[in-house]
Amino acid sequence: MASLYVKDEETNALAARLARRRGISKTAAVKQALQHELARDAANLPLRERMRIWREEHPLGEPTGLKADKAFYDSLNDEDDD
């Protein structure tokens, strides 16, 4: 089991204060605070970087080798045959 020992008294007091406000343990308070800060950092990344991360986390499926039915997809848009 991993542990985190906070040596700084002010940081310890802040964790205790947040824990009391939320009615959770200090460990949960630290976890929530860190998750919040990481989410804020991610929101400040340039769009290109956020998209790169998203693509890494959500890879495309493997190609099936099947060809698309152009007539079918055109019919979905009420397009006439050309």
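The buried residues of helix 1 are Ala-15, Ala-16 and Ala-19, where buried stands for under 20% relative accessible area, exposed for over 50% and partly exposed for what lies in between, with a 1.4 Å probe and protein chains only. Helices here are DSSP runs (H or I, at least four residues), numbered from the N terminus. Seen down the axis of helix 1, these buried residues fall within an arc of 100°, so they line one face of the helix; the arc is that of the directions from the helix axis to the C-beta atoms. An α-helix has 3.6 residues a turn, so residues three or four places apart point the same way. The face turned away from the buried side of helix 1 carries the exposed residues Glu-10, Arg-20 and Arg-21.

This is a predicted model, in which local features need pLDDT of at least 70 and side-chain atom pairs count only at pLDDT 80 or more, while totals for chains, interfaces and linings use all residues. Residues are numbered from 1 along each chain as its sequence is written, and side-chain values use heavy atoms, with hydrogens and water left out.

Helix 1 covers residues 9-22, and at 1.5 Å a residue its 14 residues should span 20 Å; the expected span is 1.5 Å times one less than the number of residues. The end C-alpha atoms of helix 1 are 20 Å apart, which agrees. After the helix comes Gly-23, whose phi is positive, near 70°.

What do the buried residues of helix 1 pack against? Their partner is helix 2 (26-43). The two helices pack at an angle of about 100°, with their axes 8 Å apart. Axes are lines fitted to C-alpha atoms, for helices over the stretch in contact, and angles run from 0 to 180 degrees between N-to-C directions. Helix 1 and helix 2 are therefore roughly perpendicular to each other, a term that takes in angles of 65 to 115 degrees. Helix 1 makes the contact (heavy atoms within 4.5 Å) through Asn-12, Ala-15, Ala-16, Leu-18, Ala-19 and Arg-22. Helix 2 contributes Lys-26, Ala-29, Val-30, Gln-32 and Ala-33.

One residue from each side can be followed further. Ala-29, in helix 2, is buried, with a relative accessible area of 1%. Not counting residues up to four places away in sequence, Ala-29 touches Ala-15, Leu-18, Ala-19 and Ile-24. Ala-29 and Leu-18 are 11 residues apart in sequence and 6.0 Å apart in space, C-alpha to C-alpha. Asn-12, in helix 1, is partly exposed at 25% relative accessible area. With residues up to four places away again not counted, Asn-12 touches Val-6 and Lys-26. From Asn-12 to Arg-40 the separation is 28 residues in sequence and 22 Å in space, C-alpha to C-alpha.

Leu-45 is found in the loop between helix 2 and helix 3 (47-57) and is partly exposed, with a relative accessible area of 29%. Leaving aside neighbours within four places in sequence, Leu-45 is in contact with Arg-50 and Ile-53. Leu-45 and Asn-12 are 33 residues apart in sequence and 29 Å apart in space, C-alpha to C-alpha.

The structure holds 1 aromatic pair, counted where the ring centres of Phe, Tyr or Trp (its six-membered ring) lie within 6.5 Å. The rings of Phe-72 and Tyr-73 have their centres 5.2 Å apart and their planes at 75°, so the pair is edge-to-face, the term for planes over 60 degrees apart. Phe-72 is partly exposed at 43% relative accessible area, and Tyr-73 is partly exposed at 48%.

Notes: Rings of Phe, Tyr and Trp (its six-membered ring) pair if their centres lie within 6.5 Å; planes under 30 degrees apart count as stacked, over 60 as edge-to-face and the rest as tilted. Angles under 35 degrees count as roughly parallel, over 145 as roughly antiparallel, 65 to 115 as roughly perpendicular and the rest as oblique.
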